[in-house]
Amino acid sequence: MSLCLLLLVISLYYYMKVQEKNIYDTSNRVYKQEINSLLKLNTENYISLITEITYWDEFVDFISTKNLKWFNSSVASVIDNYKVEYVCAYDTKGKLLTKVATPKIRSSNFIPQDAITKLLKKKLDKFYLQIPEGVVEVYGATIHPSDDPYKNKTKPAGCFFMVRLLDNEYFANFEKISTSNIEFFKSIDKNSKAVYYVFPLKDYKNETVEKLYFKRSYDIDFWITRFILITISLALFLSWIVYYYYANKWSRAPLSYIKSFLKTGDKAALQALKNVRGEFRYIGKLFEENQQKTIELEKSKLKAEEGEKLKSAFLMNLSHEVRTPMNAIIGFSDLLLNPNLTQEEKAEYIRIIHQSGKNLIEIIDDLVEMSKIEINSIEPNILPINIDTMVQSVFDSIVITNKNPKIDIKLIKPKRALKKDIRTDGVKINQILINLLNNAIKFTEEGYVILDYDVDEVKKQIIFTVKDSGIGIAKEHQEKIFKRFNKIGSTKISANEGLGLGLAIAKAYIEMLGGSITLTSQPGVGSVFSFNIPLDYEEAIRQTTIEDTKINYSQGEEELILVAEDDNINFALIKKILTSANYNVIRACDGVEAIKIAQENQEIDLILMDIKMPNLNGYEAYTKIREFNTQIPIIAQTSYSFPEEIERIKQIGFSDFISKPLNKEKLLELVGKYFNKA
C-alpha cells in the first residue's frame, strides 16, 4: 500500500512537471501573440500616416517644383508629431530630391535603389535597414494625386520614405507599452524565469537584418508544490496513515482544482483551491492574480484597438467634412474667373463661397469646443440674465436665417413673465438652443418647429422644449445621437453636413450647468428634445433696459489707421475695406513693428491689432503701446471667437474687438464709432 502511495506521489510530481511545462508553453504562446498584436498595431498607425500623406496634389507638384519651403512646412512636420527621425523624397528615377532628419541620423541617401524600384511597383512597403547609426524601420509609399487614394488610377510621381531609429528611446517606449525587456537578439537566456519572443527584422529583400528579443518575467513557480510532494514522500516511510491523510487532503484535491482551472478555466475550482489551507491557497491567489492581469491586458488591448479605430474614423470624417466646403470654395472661385459669367451667376457663386466659408468656420469651432470639453478646460460663467429677452433673441435670429418657407417656426412663452433675472451661463444656453433649433429645421422638410419654455417652481427648474415635425429618429439610434461624430442619414433630406458634434456639445453644456436632456421621437412623425436647468433667481429686481439703437456710420475723412497684421491676404482685405471708406492705412507686420510705428508716427488715429503675430503677439504689443500712449483706440482682431478669449481681451483693456472672418459692415461700423461718425 505504501509503495502504491509512493508511486502515486511520484506520478503526481511528474504530472505537476508536465502541467508546469504546459503552463509555461501556453504563457509563452500568449506572450508571442500579444507582442505580434502590439507590433501590428504600431505598424498600422504609421502605414495609415504615410498613406494619408502620399495622395496629395501638392506633394505631386513638389516632385516637379522641388519647393523645399513647402516640403519643410507641410511634410517634414511628421518628425515632431509622430517621433520619426528621417523623411526623404525621391523622383521615379531614384534621385534624392530632399531629406529632413533629426540629429540622431546623420547618414543621407541610404535608401537602396533596388528598394525604390520595388516600391514603385508595390506602391506601399515596410522594411528594416542597417545604417551606421543602427537599425532603422523604413516606411515607403509612392506619391499620387488626391483623387487617387488607392493609387491604382495614376502612375507614381515619386517616392516618400519615413524612417525610425530603433534606439534606446524606441525600446523604452515599447517596453512601457508591452511591459517587457527589449534588446537586439544575442542568445536565449534559459536560466532566467521568463517568457520570450524573437522577432526577425527583414529588409526589402526579405532577408533578416537583425532580430529583436522580447522578454517578460514569468512569476508562476511550483516550488511549494514540489516541496509538499517531497514531504509527503518522506512521510510515507513513517506511516501509510499519514501518507493517506496528506495525499488526499493536501495533494490530490488541490491538484485536481489546478487541473480543472487550467483546462477549462473553472472559477469554482479556483475558489475551491483558495479555500484549501496551506500553500495551495497561495497558489490559488497567484492563479487569480494572473487571470486578472490577463483580463486587464485584454481590456487594454481592446481599448487601444478601439481608440485607433476611433482616431482613424475621426480623421476620415474630418477630412471629408473639411474638403466639402473647401471643394465648393475652390470650385466656384475657379468658375468666377470666367469672364462670360452673368451678374446673376457671379452673385450666386459668391453666395455659395460665402456660405461654404461659414460652414468651415462652424466645423473648426465645433472641433475646438469639443476638445476643450473633453479636457475639462471650460467652466460655466454664471451671471444674471433675462431669460425672456435671451430666448426671444434666439428665436428672432432663427426666424431670420430660416430659408425654408414651408416650416412654421413658433415660440411659446410662459403664462407668467419672470419678475427676476436667472443666474446661469447665458452664452451656453444660447448655444444649446441654437444647436437644437438648427437641427430641428435641418431635419424638417415641411411642417413646424416649436420652441417652448416654462418654469417649474416646485422642482426649481426651467424646462425648454424643441418640437419638430421632421423625419424623426429610430429607437435604435436615439442612444447614440448625443455621442461624438454621430449623424443621422436621410435619403429625403440633405442634412449630413457637419461633424455630428452639435448635440454632443449641447448635452455637455446642459450637464455642466446641472441639468439633463431627454429625447422622444418617432420616424416620420417628428422629435421632441427637452432639457432643464436649475432655477436660481437673482435677488435684485429686474430693471427695465433701453434697447440699443443701431448706428450707421458715414465715410471717413482720411483718418490714419495702423493695421498690425502678419498675413498678407488678411491685410489686403482690411486695407481694401478701409480705403473704400476713405480711410488711410499703414501696415505693421508684427508686434515689434507696430510699437515702433506707433512711437514714431503721432498722426495715427486708431490701431487695428491682430492677436496672433510673430516676434511679439497682440497682447504684448498692446501693453507696450499703452506705456507711451494711453488715449489712442486699439481694436483687437482675432481668429479665436470663444468666450474665454474674448474675456481675456476685455480684461487686458482693448478698446474693442472684432472676430475673423471679418464682416465689412461690422468693421466699418466699429471703426466709425471711434471717430464719432453718425
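## Around Glu-85

Glu-85 touches Ile-79, Val-100, Ala-101, Thr-102, Lys-104, Ile-105, Val-163, Arg-164 and Leu-165, leaving aside residues up to four places away in sequence. This is a predicted model. Glu-85 sits in the loop between helix H4 (78–81) and strand E1 (86–91).

Glu-85 is buried but has no salt bridge. The nearest side chain of opposite charge belongs to Lys-104, 4.1 Å away. A salt bridge needs a side-chain nitrogen of Lys or Arg within 4 Å of a carboxyl oxygen of Asp or Glu.

## A five-stranded sheet

Further along, 5 strands build an open sheet. Their order is E18-E17-E19-E20-E21, and the pairing is parallel. E18 and strand E21 (656–659) stand at the edges with a single partner strand each, so one side of each has no neighbour in the sheet. From one strand to the next, the twist averages 20 degrees.

E17 and E19 pair in the parallel sense over 4 bridges. Val-563 stands opposite Leu-608 in E19.

## Helices on the sheet

H17 packs on the sheet and touches E17, E18 and E19. The direction of H17 makes about 135 degrees with that of E18. Helix H20 (residues 664–673) also packs on the sheet, touching E17, E19, strand E20 (634–638) and E21. The direction of H20 makes about 170 degrees with that of E21.

Which residues of helix H17 (residues 591–600) are buried? They are Gly-591, Ala-594, Ile-595, Ile-597 and Ala-598. Their cover includes strand E17 (560–564), strand E18 (584–588), strand E19 (606–610) and helix H18 (618–626). At the start of H17, a side-chain oxygen of Asp-590 comes to within 3.2 Å of the backbone nitrogen of Val-592.

Technical notes: Residues are numbered from 1 along each chain as its sequence is written. This is a predicted model: local features need pLDDT of at least 70, side-chain atom pairs count only at pLDDT 80 or more; totals for chains, interfaces and linings use all residues. Side-chain values use heavy atoms; hydrogens and water are left out. Helices (H or I, at least four residues) and strands (E, at least two) are DSSP runs, numbered from the N terminus. Buried means under 20% relative accessible area, exposed over 50%, partly exposed in between (1.4 Å probe, protein chains only). Lys and Arg count as positive and Asp and Glu as negative; His and the chain ends are not counted. Contact means heavy atoms within 4.5 Å. A polar contact is a pair of N or O atoms within 3.5 Å; within protein, one must be able to donate a hydrogen and the other to accept it, and residues adjacent in sequence count only if both atoms are side-chain atoms. Two strands pair if DSSP finds at least two bridges between them. Axes are lines fitted to C-alpha atoms, for helices over the stretch in contact, and angles run from 0 to 180 degrees between N-to-C directions.
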